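Subject: Handover of a structure and summary of findings

Dear colleague,

Please find below the structure that I am handing over to you.

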Amino acid sequence: MLQAEGVEKRQFERRPFVETIGYSVSVLEFRKLKRLNLRAETVDISKAGLGIITDYPLEPGHVLRFSSGIDQKAGIVSWAMKITDNGRYRVGVRFI
């Protein structure tokens, strides 16, 4: 399905939301499962998801558990992209 230019395809409206939040993610490092406790800056929020900026290279499918800053308890990374060469990433998270 093609999308007309300038047409929003999100089901829920996002609103600006700027706050520092805590989250954890489990990753496999050298054949060991490791839980990382990290922080991110939020960009926007909706009923269905959250936009964040983080220093850790999250990937689609990573499950995040939020420890502070928002009411939701968990989310799954829908997409992620490196912002620039500053080592930061813009990430879209869908609440689960």
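Helices (H or I, at least four residues) and strands (E, at least two) are DSSP runs, numbered from the N terminus. Please note that this is a predicted model, in which local features need pLDDT of at least 70 and side-chain atom pairs count only at pLDDT 80 or more, while totals for chains, interfaces and linings use all residues. Residues are numbered from 1 along each chain as its sequence is written, and side-chain values use heavy atoms, with hydrogens and water left out.

Overall composition

The chain has seven strands and zero helices, so that its elements, read from the N terminus, run β-β-β-β-β-β-β. Of its 96 residues, 34% count as buried (under 20% relative accessible area, with exposed meaning over 50% and partly exposed in between; 1.4 Å probe, protein chains only). Among contacts (heavy atoms within 4.5 Å) between residues at least 6 apart in sequence, 48% join residues at least 24 apart.

The nonpolar core

The largest nonpolar core has 19 residues, and L50, I52, L58, L64, F66 and I70 are those with the most contacts inside it. Such a core is a set of buried Ala, Val, Leu, Ile, Met, Phe, Trp, Tyr and Cys residues joined through side-chain atoms within 4.5 Å. At least two of the core residues come from each of β2 (20-29), β3 (32-45), β4 (49-54), β5 (63-68) and β7 (89-95). Neighbours within four places in sequence aside, I70 is in contact with F17, I21, I45, L50 and F95.

L38 is found in strand β3. With neighbours within four places again left aside, L38 is in contact with I21, G22, Y23, V25 and Y56. L38 and S67 are 29 residues apart in sequence, and their C-alpha atoms are 9.6 Å apart in space.

The aromatic pair

A search of the whole structure finds one aromatic pair (rings of Phe, Tyr and Trp, the last by its six-membered ring, with centres within 6.5 Å; planes under 30 degrees apart count as stacked, over 60 as edge-to-face and the rest as tilted). F66 and F95 form this edge-to-face pair, at 6.4 Å centre to centre and 85° between the planes. The pair links F66 in strand β5 with F95 in strand β7, 29 residues apart. F66 is buried, at 8% relative accessible area, and F95 also counts as buried, at 12%.

Salt bridges

The structure holds five salt bridges (a side-chain nitrogen of Lys or Arg within 4 Å of a carboxyl oxygen of Asp or Glu). One of them joins D44 and R14, at 2.8 Å from N to O. D44 lies in strand β3 and R14 in the segment before β1 (15-16), 30 residues apart. D44 counts as buried, at 13% relative accessibility, whereas R14 is partly exposed, at 23%. R14, D44 and R90 are linked in a network of salt bridges.

R88 forms a salt bridge with E41 (3.2 Å, N to O). This pair links R88, in the loop between β6 (74-82) and β7, to E41 in strand β3, 47 residues apart. D55 also forms a salt bridge with R88, the closest N and O atoms being 2.9 Å apart. Because D55 lies in the loop between β4 and β5 and R88 in the loop between β6 and β7, this pair ties together parts that are 33 residues apart in sequence. R88 is partly exposed, at 21% relative accessible area, and D55 is exposed, at 54%.

Yours sincerely
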